[in-house]
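Thanks for making time this morning. I would like to walk you through one structure, beginning with a single residue and then widening the view.

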Amino acid sequence: MQEHRPENTYASKNKAEPSHRKRDKRAPATKRAIHNAFVQLVGEKNFNDITIKNIAERAGINRKTFYYYYAGIHSLIEEIENGFANSLTKLMENVEYPRGSNRIEILLRKITEAISLDVDFYYHLMRAEHDNSIVFKLTEIVKKNVKNQLVSYYVIDAETVDFIADFCTAGMFEVYRLRFTSGKELRLDELADKIEKLLLSGLRSFLKDFDRKI
């Protein structure tokens, strides 16, 4: 089945409002529109060239409404960053590892699952022609969890753990970035399957010389 970019789901997850705005029933929809507008613009123009006017026009609001919710673009970016980072962190923390299972394999599948759930966000983010703190935060979360599973599963030195975590995260995010920017039709399920198989086959071969703790 052909994969299509669904509507960005992040804003619907991030419903926390300042106490003095809880009664504003329009707030979730307005903030969702602002988030979606920013995410779309990230994929269309240089990150530093995005203005509040651009965001407001794309979201169908005025500048005053934007400032009602955010002090500026940086506060909007911080909210989006933290929202996605927190969601990914919770997903990583709540992974269940059946006894005798390959923990790295399960973890990598959860990462691709997270991308699948918010593919519209990642599509625009990875099409942006710049490095940004959102990607950095997400990769650091993934690295941390890969490292945690490696040290809990294998008797392995810290330098090798860092090497494997860097390889897995850099490889995974770069493949997604290249596919998102290629302009080709994207079957996300097939891409995720290929990434998992390639990474896991290499990891199994690499890790066979290390003793298991479990």
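This is a predicted model: local features need pLDDT of at least 70, side-chain atom pairs count only at pLDDT 80 or more; totals for chains, interfaces and linings use all residues.

Let me begin with D162, which counts as partly exposed because its relative accessibility is 33%, where partly exposed means between the limits for buried, under 20% relative accessible area, and exposed, over 50%, with a 1.4 Å probe and protein chains only.

Residues are numbered from 1 along each chain as its sequence is written, and side-chain values use heavy atoms, with hydrogens and water left out.

As for the overall fold, the protein has 10 helices and zero strands, these being DSSP runs numbered from the N terminus, with at least four residues of H or I for a helix and at least two of E for a strand. Of the 214 residues in the protein, 45% are buried.

If we leave aside neighbours within four places in sequence, I55 is in contact (heavy atoms within 4.5 Å) with residues including I34, F38, F66 and L76.

What about a polar residue, N145: is N145 buried or exposed? N145 counts as buried, because its relative accessibility is 12%, and it is found in helix α8, residues 133-153. The side chain of N145 reaches the backbone oxygen of I141 at 2.8 Å, and, not counting residues up to four places away in sequence, N145 touches M92 and L107.

Finally, the aromatic rings: F66, Y67 and Y70 form one aromatic cluster, where rings of Phe, Tyr and Trp (its six-membered ring) pair if their centres lie within 6.5 Å, and planes under 30 degrees apart count as stacked, over 60 as edge-to-face and the rest as tilted. The count comes to six aromatic pairs, among them the edge-to-face pair of Y68 and Y69, at 4.9 Å centre to centre with 90 degrees between the planes.

Conventions:
A polar contact is a pair of N or O atoms within 3.5 Å; within protein, one must be able to donate a hydrogen and the other to accept it, and residues adjacent in sequence count only if both atoms are side-chain atoms.
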